[in-house]
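Here is a short tour of a protein model, written for someone who likes to know the cut-offs behind each term. Please have a look at the fold first, and then read on.

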Amino acid sequence: SFRKSFFKNSSCNIATVRSGNCIGGGDWSRNRIIKDCVTSFVKNKNLIVRSPESTRPWQHVIEPLVGYLKLSEKLFFDKKEKYVGAWNFGPKTKNNLKVKELAYFGKKIFKSKSRIIFKKNAFYESKNLSLNSMKAFEYLNWKTLLSAKISLKMTFEWYKKFYDKKSNNEILKFTFNQIKDYFKKLK
């Protein structure tokens, strides 16, 4: 509606993007499952998990960013109307994992003595989430390359490296190496 209202007779191509359940190192936001897991596992404290049976489309943040960049190139260079509009970037539903699987996976990587306590959710939350990313597959040839478990492994390993606290340079180098490793898979 913004484009139709303010750029009606313009050659400006505008798209909106959305991605599902992005994970990766450095997300310190409140009430985020990975951060909550890591904080508990590092200190060997109990982890309280709500909605353990719910599935989510976990994907490493690098994946949709690659899709965003592909779309940006098409909007700028190709100028076709088919690239304008709303886009979803998410993994296929078969790649979804349950919240409890994520928690146990992280606990194993951290070799934590934490107990994982499952609590009934006090408010409604959708049991299964997924995004229809067929448009991105079809028009951009975009798809996730990493399984949910590989994405989780990369994420938890990032936090593990961060808490080793050797130096800021090491976590930066580790981050760039994860990006380089991803781009090797992309080719």
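## A partly exposed phenylalanine and its surroundings

Phe183 is partly exposed, at a relative accessible area of 34%; here buried means under 20%, exposed over 50% and partly exposed in between, using a 1.4 Å probe and protein chains only. This is a predicted model, in which local features need pLDDT of at least 70 and side-chain atom pairs count only at pLDDT 80 or more, while totals for chains, interfaces and linings use all residues. Residues are numbered from 1 along each chain as its sequence is written, and side-chain values use heavy atoms, leaving out hydrogens and water.

Phe183 sits in helix H7 (residues 168-186). Helices (H or I, at least four residues) and strands (E, at least two) are DSSP runs numbered from the N terminus, and the protein has seven helices and eight strands. A nonpolar surface patch is formed by Leu145, Leu172, Phe176, Ile179, Phe183 and Leu186, with about 490 Å² of accessible area together. Patch members have over 30% relative accessible area and no salt bridge, with like charges joined within 9 Å and nonpolar side chains (Val, Leu, Ile, Met, Phe, Trp, Tyr) within 5 Å. Areas come from the Shrake-Rupley method with a 1.4 Å probe; for residues, only the protein chains shown count as cover.

Now to the inside. A nonpolar core is a set of buried Ala, Val, Leu, Ile, Met, Phe, Trp, Tyr and Cys residues joined through side-chain atoms within 4.5 Å. The largest one has 21 residues, and Ile34 and Phe156 touch the most other members. Helix H2 (33-43), strand E3 (47-50), helix H4 (99-110) and helix H6 (148-164) each give two or more residues to this core. Beyond its neighbours within four places in sequence, Phe156 has contacts (heavy atoms within 4.5 Å) that include Ile34, Leu102, Phe105 and Ile109.

Finally, the charged pairs. The whole structure holds eight salt bridges, each a side-chain nitrogen of Lys or Arg within 4 Å of a carboxyl oxygen of Asp or Glu.

Glu170 is partly exposed at 31% relative accessible area, and Lys161 is partly exposed at 27%. Elsewhere, salt bridges with shared partners join Glu53, Lys98 and Lys100 into one network.
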